[in-house]
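Trainee: I would like to learn how to read a protein structure step by step. Could we go through one together?

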Amino acid sequence: MAGRERLLVIGGDAAGMSAASQARRRRGPDELEILVVERGNYASYSACGIPYYVGGDVDELDKLIARTPAEFRDRGIDLRIRAEAVEIDLDGGRVRVRDLDGGGERWEPYDDLMVATGAVPKRPKLPGADAKGVHGVQILDDGVAVRRALERDDPRRAVVVGGGYIGLEMAEAMVKRGLEVSIVDAADQPMSTLDPDMGALIADAIRGIGVDLHLGEGVEGFDTAADGSVAAVRTAGRTLPADLVVLGLGVRPNTGLARAAGIETGPTGGIVTDRRMRTRSDRVWAAGDCVETRHLVSGGPVAIALGTHANKQGRVAGINLGGGYATFPGVVGTAVSKICRVEVARTGLNEREAAAAGFDALSVAVESTTRAGYHPGATVLTTKLIAERRTGRLLGAQIVGEENAAKRVDGLAIALWNGMTVEEMTGLDLGYAPPFAPVWDPVLIAARKAADAVEADMRRNG
């Protein structure tokens, strides 16, 4: 159709499909053609659900998929799976796309380009790291590969390399599948985004579900069997037999394609955008795990791979691409996870991050209960708050506990978002009933203790 513009989206998950859907809502097919290319077998799925699919909590793969390519085509979005963007020509306004099944390539033109290439698992450059049975887990295809290996090969021993969120969630999945599980981490604690005292609580929880935890041990290589499959994980201190290995070393922004085209990336490795999700290249937009954003507490750039951010950023980009106006203000770094019965949450800055951002901070950690102490099912949780000295401004929070512990971080994230002090937080009108909280909610108890600590510090130091 004459005069019709074309939006080309690279990446068919949260950010890419949110952008495409929002642009389509605002501009019809007669005005805007939308093409999405996705290198994987699946699009528009919940990557955060992968560990639960691997562990069997989610029994059917289709439950993780929000919409199929056919459903998007019915909405006027041409979504092509198994189609990989291999080159961006900014000057020519085109993208070279490879058909991963047929093998052919063709140049696809665009008027606006949306880069939503996500993140890729960090893979160590060590002997045997590419062996069969060593799995990075980021996209749904990765989760399918791990579950197929569990069901086809009947492994007995699994080793998880790295103790971050995905590593611990995958370790839990293996435990549920009945495997002997070990975690190896070069750090001195699991979940290094937490402070050491809170990380120690996670370590105790991991050992409590029967996982062997080897901290302060970097992996030196992966031994392989005669058929090329992984057989063991080697550290400086031990060799751990393994039928299956999961890499839980975190992820990095998948920006190789963008960088090769000259699209600017920042110190985090993520693509640089403005608040409307525009890059510094003409008519090129980006969103999701491949971009960096602004941390609203530290003020610095961060790259945080979370579906919540990806969906919001994609929505903002799509509104703007559709002729509207929207901005993405930044993040405070809120994240939650669960390892069997233990829930963990964090938001804002930890002690190390606060110091690196130039804050003079103090912290308090307080034990409380998830419900009124006399109510059946009440369990202990620990809440830690980090506040700026003198001003008492909340800088960060961490929670470790059991049922109903982690989601309390949402109130703390709201306080952070609005720049509240811990003294102001002591008056928050939070919900109370014995099945849900003690009369003094753990958040209020921690805020009161932190406010007392700020006041005492000021009396001591003037």
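Trainee: To begin with, how many helices and how many strands are there in the protein chain?

Mentor: Before counting, keep in mind that this is a predicted model. The protein chain holds 12 helices together with 25 strands.

Trainee: What does the radius of gyration say about the protein chain?

Mentor: The idea is to set the value beside what a rule for globules gives for that length. Here the radius of gyration is 24 Å, close to the 23 Å that the globule rule gives for 462 residues, so the chain is as compact as a globular protein of that length. Along its principal axes, the C-alpha trace spans about 70 × 60 × 40 Å.

Trainee: What share of the residues counts as buried, and what share of the contacts joins residues 24 or more positions apart?

Mentor: Of the 462 residues, 52% count as buried. Among contacts with a separation of 6 or more, 63% are between residues 24 or more positions apart.

Trainee: Which elements cover the buried residues of α4?

Mentor: The buried residues of α4 include Leu140, Val144, Val146 and Leu150, and also Asp141 and Arg147. Their cover includes the helices α2 (50-55) and α5 (165-176), as well as the strands β9 (134-136) and β16 (244-247).

Trainee: What do we find when we apply the span check to α12?

Mentor: The 20 residues of α12 (residues 442-461) should span 28 Å, and the end C-alpha atoms are 28 Å apart, which agrees. Its buried residues, among them Leu444, Ile445, Ala450 and Val454, pack against β23 (361-369), β24 (380-388), α10 (409-417) and α11 (422-425).

Trainee: How far apart do the centres of the positive and negative side chains lie?

Mentor: With 56 positive and 64 negative side chains in the protein chain, the centres of the two sets lie 2 Å apart.

Definitions and conventions
Residues are numbered from 1 along each chain as its sequence is written. This is a predicted model: local features need pLDDT of at least 70, side-chain atom pairs count only at pLDDT 80 or more; totals for chains, interfaces and linings use all residues. Side-chain values use heavy atoms; hydrogens and water are left out. Helices (H or I, at least four residues) and strands (E, at least two) are DSSP runs, numbered from the N terminus. The radius of gyration is taken over C-alpha atoms; the globule rule is 2.2 Å times the number of residues to the power 0.38. Buried means under 20% relative accessible area, exposed over 50%, partly exposed in between (1.4 Å probe, protein chains only). Contact means heavy atoms within 4.5 Å. Lys and Arg count as positive and Asp and Glu as negative; His and the chain ends are not counted. The place of a charge is taken as NZ of Lys, CZ of Arg, CG of Asp or CD of Glu. The expected span of a helix is 1.5 Å times one less than its number of residues.
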